[in-house]
Amino acid sequence: MIRRLYATLWHLAPFLIRRHLRRRALKSPAYLEHWDERFGQAYPNPVQRPIWIHAVSVGETRAAEPLVQALRRHLPDSPFLITQMTPTGRATAQSLFPDAQCRYLPYDKSEWVARFLAEHRPICGILMETEIWPNLMHGCQKAGIPLFLANARLSEKSQRGYLKIRKLVEPAMQTLSGCFAQTAADAERLHLIGASNVHVCGNTKYDIAPPDDLRPLAAAFKERIGARAVVVCASTRVYKGTDEAELLLKAWQGYRGNALLVIVPRHPENFQTAYDTAKSLGYTVQKRSDGQPVSPDTQVWIGDSMGELAAYYLSADIAFVGGSLVDAGCQNIIEPIACRVPTLFGYSNYNFAQACKGAVEAKAAVRVETAEAWYRTTRQYLDDETLRQQLISHTEQFISQHQGASAKIAKAIADCLNQR
């Protein structure tokens with residue numbers, strides 16, 4: 001009964017989705033591109049019999065990179081299809097996987113799902129992190145396509161939401177050929193919403209090394225900035241009306257030193273907002289996109305670029321990870337730690353709860369509760385080189401202790417396919 005209701009809703013949803021995408025396009029015009037892919041239209045020259053990986057946006061796409069590398073070792077002759085739901089995710093996939101076909105995954109209407117699967121006939125599907133699309137999952141089962149949930153995580157908040165629609169979610173989760181959870185807590189929560197064949201493999205994001213091709217860019221950033229300390233606030237979010245960048249900029253107003261504050265918003269539609277906010281607060285501001293050396297008088301540099309986050313981290317003396325001083329659950333704290341940068345994050349970290357907890361316990365990162373606490377702690381680390389070096393010394397051990405998830409997941413998937 002609930003699946004029939006779900007199917008009925010998908011006859012109504014496209015109208016609302018189109019309105020939503022048009023609103024998003026007012027700030028990010030890329031949402032109007034490749035429109036037909038989202039709504040089940042035929043795709044030109046679809047890759048045949050690929051390993052298909054669905055990675056919604058930037059974070060999931062980056063997490064898929066070491067897994068793709070591991071899968072290539074097991075299945076060297078298979079092409080790859082990488083699907084996304086956001087323009088930034090698509091751009092990231094095209095950059096990371098130039099030899100793969102990249103496209104949007106159609107929304108979860110049965111007819112659209114069936115056409116997508118028939119067009120590509122994937123040898124398997126891999127959903128990164130927690131993507132639960134009932135019609136897609138049942139469609140894979142019907143078509144005989146093994147489907148896996150990889151790097152899977154599920155917060156208590158999300159679990160409560162899924163349990164409210166358990167009759168819809170549980171049958172979908174039972175179609176999975178394998179579920180590879182990040183932690184034991186994630187595995188338990190995934191089991192409670194219907195997943196079976198659950199294995200704890202860890203987080204593939206620990207396997208991500210700073211890209212070699214971004215190291216020259218980081219060096220170029222340092223050259224543009226000069227001999228100044230750099231404080232990077234990355235992936236800042238605007239969440240439920242609260243602008244995280246504004247909180248940080250206001251907290252930084254009392255600073256009278258020579259360090260450069262770098263603000264890198266999570267979404268490109270917020271680049272200009274961050275710049276305007278800094279100007280309105282009286283800062284001397286430049287943008288990364290102006291291509292000019294950073295003036296000695298410049299106090300704030302806006303990182304208005306995509307796909308360069310590791311370069312910002314590699315050029316930093318101290319990093320703050322956004323989405324954590326607003327209740328957005330935190331962005332990826334592993335990336336700056338892997339760049340051997342002293343890392344701070346805020347109170348909201350449910351998306352990376354285990355990583356945040358482990359990093360603090362290993363003294364590889366510091367949690368702060370407010371923007372004011374971030375400012376005080378950042379000043380402390382700027383002023384005390386010994387303290388900063390102690391934090392750096394713990395990062396390498398923390399990362400190395402958690403690596404290996406990609407290899408485990410790839411082997412399990414290859415073994416399953418070889419048994420078929």
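Is Arg 49 buried, partly exposed or exposed in this structure? In this predicted model, Arg 49 is partly exposed, with a relative accessible area of 40%.

## Two arginines with positive phi

Arg 49 lies in the loop that runs between helix 2 (35-38) and strand 1 (51-54), and its phi is positive, at about 55°, although the residue is not a glycine. The value of 40% for its relative accessible area falls between the cut-offs of 20% and 50%, and Arg 49 therefore counts as partly exposed.

Arg 340 also has a positive phi without being a glycine, in this case near 60°. Its place is the loop between helix 14 (334-338) and strand 15 (343-345), where Arg 340 is partly exposed, with a relative accessible area of 33%.

## The chain as a whole

The protein chain contains 18 helices and 16 strands. Its radius of gyration is 22 Å, close to the 22 Å that the globule rule gives for 420 residues, so the chain is as compact as a globular protein of that length.

Of the 420 residues in the protein chain, 58% are buried.

## Helix 3 against helix 18

Helix 3 (residues 58-74) packs with helix 18 (residues 405-418) at an angle of about 45°, and the axes of the two helices are 8 Å apart. The two helices are therefore oblique to each other, and helix 3 passes helix 18 in a right-handed crossing.

On the side of helix 3, the residues that meet helix 18 are Pro 66, Leu 67, Ala 70, Leu 71 and His 74, while helix 18 contributes Ser 406, Ala 407, Ile 409, Ala 410, Lys 411, Ile 413 and Ala 414. Sorted by class, this contact has 9 nonpolar, 2 polar and 1 charged residues.

## Helix 6 against helix 8

Helix 6 (residues 134-143) and helix 8 (residues 166-173) pack at an angle of about 35°, with 9 Å between their axes, and the crossing of these two helices is left-handed.

Pro 134, Met 137 and His 138 in helix 6 meet Leu 168, Pro 171, Ala 172 and Met 173 in helix 8. By class, the contact of helix 6 with helix 8 has 6 nonpolar residues and 1 polar residue, with no charged residues.

## Two buried positions

Ser 78 is found in the loop between helix 3 and strand 2 (80-84). Its relative accessible area is 17%, and Ser 78 is therefore buried, since the cut-off for that class is under 20%. Leaving aside residues up to four places away in sequence, Ser 78 touches Ile 51 and Ile 123.

Ile 225 has its place in helix 10 (residues 215-225) and, at 5% relative accessibility, counts as buried. With residues up to four places away in sequence again not counted, Ile 225 touches Val 230, Leu 260, Val 294 and Trp 301. Ile 225 and Pro 296 are 71 residues apart in sequence, yet their C-alpha atoms are 8.1 Å apart in space.

Conventions. Residues numbered from 1 in each chain as written. Predicted model: local features only at pLDDT ≥ 70, side-chain atom pairs only at ≥ 80, totals over all residues. Heavy atoms only, no water. Axes fitted to C-alpha atoms, helices over the stretch in contact; angles between N-to-C directions. Helix = DSSP H or I, 4+ residues; strand = E, 2+ residues; numbered from the N terminus. Parallel < 35°, antiparallel > 145°, perpendicular 65-115°, else oblique. Left-handed = near helix turned anticlockwise from the far one by under 90°. Contact = heavy atoms within 4.5 Å. Nonpolar A, V, L, I, M, F, W, Y, C, P; charged D, E, K, R; others polar. Rg over C-alpha atoms; globule rule 2.2 N^0.38 Å. Buried < 20%, exposed > 50% of the residue type's maximum accessible area, 1.4 Å probe, protein only.
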